[in-house]
Amino acid sequence: MNILVLGSGGREHAFAYKLSQSPRCEKLFVAPGNAGTSFIANNVKLSVTDFQAIKQCVLANEIKMVVVGPEDPLVQGIYNFFKGDNALKNILLIGPSRRGALLEGSKQRAKEFMMHHNIPTAAYMAFTKESVEAGKQFLETLSPPYVLKADGLAAGKGVLIINDISEAKTELENMLSHSKFGAASEKVVVEEFLDGIELSIFVLTDGKNYKVLPTAKDYKRIGEGDKGLNTGGMGAISPVPFVDEVLMNKIEERIVKPTINGLIAEEIEYNGFVFIGLIIVNSEPFVIEYNVRMGDPETEVVLPRIDNDLVDLLEATAKQTLDQVTLEIDPRSATTVMVVSGGYPEAYEKGKKISGIERIGDSIVFHAGTIQKDGEVVTNGGRVLAITSLDKDFRIALKKSYQSIDELSFAKMYYRTDIGFDL
């Protein structure tokens with residue numbers, strides 16, 4: 001079948017890489033894609049939220065499956081757009097309905113869902129511009145640090161963790177009264193801080209059946225030792241070494257099953273991925289957040305460990321036959337290290353020529369922020385490349401990734417040398 005992947009990052013390159021290996025994938029399209037996807041698929045220049053242009057692309061290229069990478073089109077209702085259009089309704093679209101996507105599109109909605117279905121999470125309250133003073137009073141009842149979350153999508157920048165109470169009150173006012181994160185912070189969720197170690201769980205569900213995919217842990221901060229500004233992710237490891245059978249059983253029984261059962265109970269159409277951000281506090285799992293798609297760079301370590309034909313797996317998801325599939329997992333560890341532009345996550349320059357990709361043989365190079373220009377691959381984003389390696393132990397896999405990075409160069413290139421430092 002002909003398949004379209006929506007998105008332009010490392011996550012979408014990883015999907016394209018895996019889908020292209022299937023004998024069932026005839027023609028593969030990525031929109032808008034990047035330099036890496038252009039070598040294995042047809043890049044199509046269109047916006048992931050321009051549904052009419054996507055429709056024209058799907059019909060013109062006889063596409064039978066659409067895999068949605070980022071959250072924006074999901075929150076804006078691409079699933080509903082397809083199901084409500086006679087020409088598109090039989091296309092297999094991987095992603096939740098608009099109602100399902102609210103689990104990521106609204107922090108308050110996610111919290112209400114968790115509370116309603118008895119899923120362990122931090123205590124919280126939500127506030128608007130009209131209730132900013134009540135928000136400040138609620139902060140007084142909490143112990144530092146204080147967690148403020150913009151309710152809507154804020155491109156990964158809408159969460160503040162603040163140690164000082166007066167600064168927390170000021171920032172709450174900035175978010176609600178002065179639109180610090182635009183429309184995303186018209187409502188703000190204030191919650192208690194949970195101190196523990198984080199990991200990510202990925203679930204593939206057809207709306208009634210589910211498969212738990214390999215665990216992963218990513219590293220969000222720009223600096224060594226997980227210090228400095230938040231980024232989209234500087235590296236990831238799968239599986240997470242400290243997740244044993246006891247903890248995994250707690251996660252599945254207390255979090256995964258109630259989540260899927262909650263979707264069923266609320267009659268929410270959901271054919272796709274649920275990314276559950278967890279924090280483990282004294283061996284007990286709590287949900288920090290839901291995402292309604294795969295994470296980046298976690299996708300770059302999770303997908304290479306799935307041995308199933310990805311087309312078969314996603315087709316079963318769209319057709320509600322996931323219970324008939326046996327998930328096959330590569331027992332090896334996977335690691336990815338992000339190579340980024342100097343200055344990221346703040347101001348950085350684009351258009352830097354990248355050399356050495358062709359010399360890498362021991363790792364998979366997933367492109368994130370790249371384009372082709374005059375026959376050369378150049379930087380086109382903050383996170384540029386994800387270098388993924390597999391081996392029997394994550395330390396050996398990491399060593400491979402770092403050796404591969406030694407082959408790369410572009411002006412002001414930066415990466416963290418301590419991914420996995422806390423494991």
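Colleague: How many helices and strands does the secondary structure of the protein come to?

Modeller: In this predicted model, for which local features need pLDDT of at least 70, side-chain atom pairs count only at pLDDT 80 or more, and totals for chains, interfaces and linings use all residues, the protein has 13 helices and 23 strands, taken as DSSP runs (helices H or I, at least four residues; strands E, at least two) and numbered from the N terminus. Residues are numbered from 1 along each chain as its sequence is written, and side-chain values use heavy atoms, with hydrogens and water left out.

Colleague: What makes residues of helix α6 count as buried, and which are they?

Modeller: Buried means under 20% relative accessible area, with a 1.4 Å probe and protein chains only; in α6 (residues 98-105), G100, A101, L103, E104 and G105 are buried. Their cover includes α4 (72-75), β5 (92-96) and α10 (245-265), where contact means heavy atoms within 4.5 Å.

Colleague: Which residues touch the most other members of the largest nonpolar core?

Modeller: Such a core is a set of buried Ala, Val, Leu, Ile, Met, Phe, Trp, Tyr and Cys residues joined through side-chain atoms within 4.5 Å; of its 64 residues, I3, L19, M65, V67 and L314 touch the most other members. Another core, of 50 residues, lies apart from it and includes A31 and Y270.
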